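Please open the structure in a viewer and keep the selection tool at hand.

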Amino acid sequence: MKLGKYQHSKTGKLYRVIGIAKHSETLEELVVYEALYENPESKLWVRPAKMFLEKVEIKGRKVPRFKYIGE
């Protein structure tokens with residue numbers, strides 16, 4: 001998976017993927033990413049890599065949940 005900026009397919013908000021981590025118990029890969037907008041909940045987030053990379057349906061079309069847009 002490329003590090004860099006991604007756009008969320010539903011909200012259009014931008015995030016920067018800063019790394020891949022492993023869950024300490026299951027060794028599942030987790031994407032560590034940073035919100036590139038003001039978010040009072042948190043600046044840093046994690047999501048299972050499988051979920052981060054999956055396709056979701058929007059207006060009848062399957063699109064990546066997060067679209068890579070560059071460094």
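Begin by selecting Tyr-33 and Phe-66, both of which are buried. The model on display is a predicted one. Phe-66 has a relative accessible area of 5%, and it counts as buried because this value is under 20%. The rings of Tyr-33 and Phe-66 form an edge-to-face aromatic pair, with 5.5 Å from centre to centre and 65 degrees between the planes. This pair joins distant parts of the chain: Tyr-33 belongs to strand 3 (residues 29-35) and Phe-66 to strand 7, and the two are 33 residues apart.

Now extend the selection to Tyr-6, Tyr-15, Tyr-33, Tyr-37, Phe-52, Phe-66 and Tyr-68, which together form one aromatic cluster.

Next, select Glu-54 and Arg-65. How many salt bridges does a search of the whole structure find? The search finds one. The side chains of Glu-54 and Arg-65 meet in a salt bridge, with 2.3 Å from N to O. Its two partners lie in loops: Glu-54 in the one between helix 1 (49-53) and strand 5 (55-58), and Arg-65 in the one between strand 6 (61-64) and strand 7. They are 11 residues apart, and the pair links distant parts of the chain. Are these residues buried or exposed? Glu-54 is partly exposed, with a relative accessible area of 31%, whereas Arg-65 is buried, with a value of 14%.

**Last stop: an exposed lysine**

Finally, move to Lys-10, in the loop between strand 1 (4-8) and strand 2. Lys-10 has a relative accessible area of 58%, and it is classed as exposed because this is over 50%. Which residues does Lys-10 touch, leaving aside those up to four places away in sequence? They are Val-56 and Ile-58.

Terms used. Residues are numbered from 1 along each chain as its sequence is written. This is a predicted model: local features need pLDDT of at least 70, side-chain atom pairs count only at pLDDT 80 or more; totals for chains, interfaces and linings use all residues. Side-chain values use heavy atoms; hydrogens and water are left out. Buried means under 20% relative accessible area, exposed over 50%, partly exposed in between (1.4 Å probe, protein chains only). Rings of Phe, Tyr and Trp (its six-membered ring) pair if their centres lie within 6.5 Å; planes under 30 degrees apart count as stacked, over 60 as edge-to-face and the rest as tilted. Helices (H or I, at least four residues) and strands (E, at least two) are DSSP runs, numbered from the N terminus. A salt bridge is a side-chain nitrogen of Lys or Arg within 4 Å of a carboxyl oxygen of Asp or Glu. Contact means heavy atoms within 4.5 Å.
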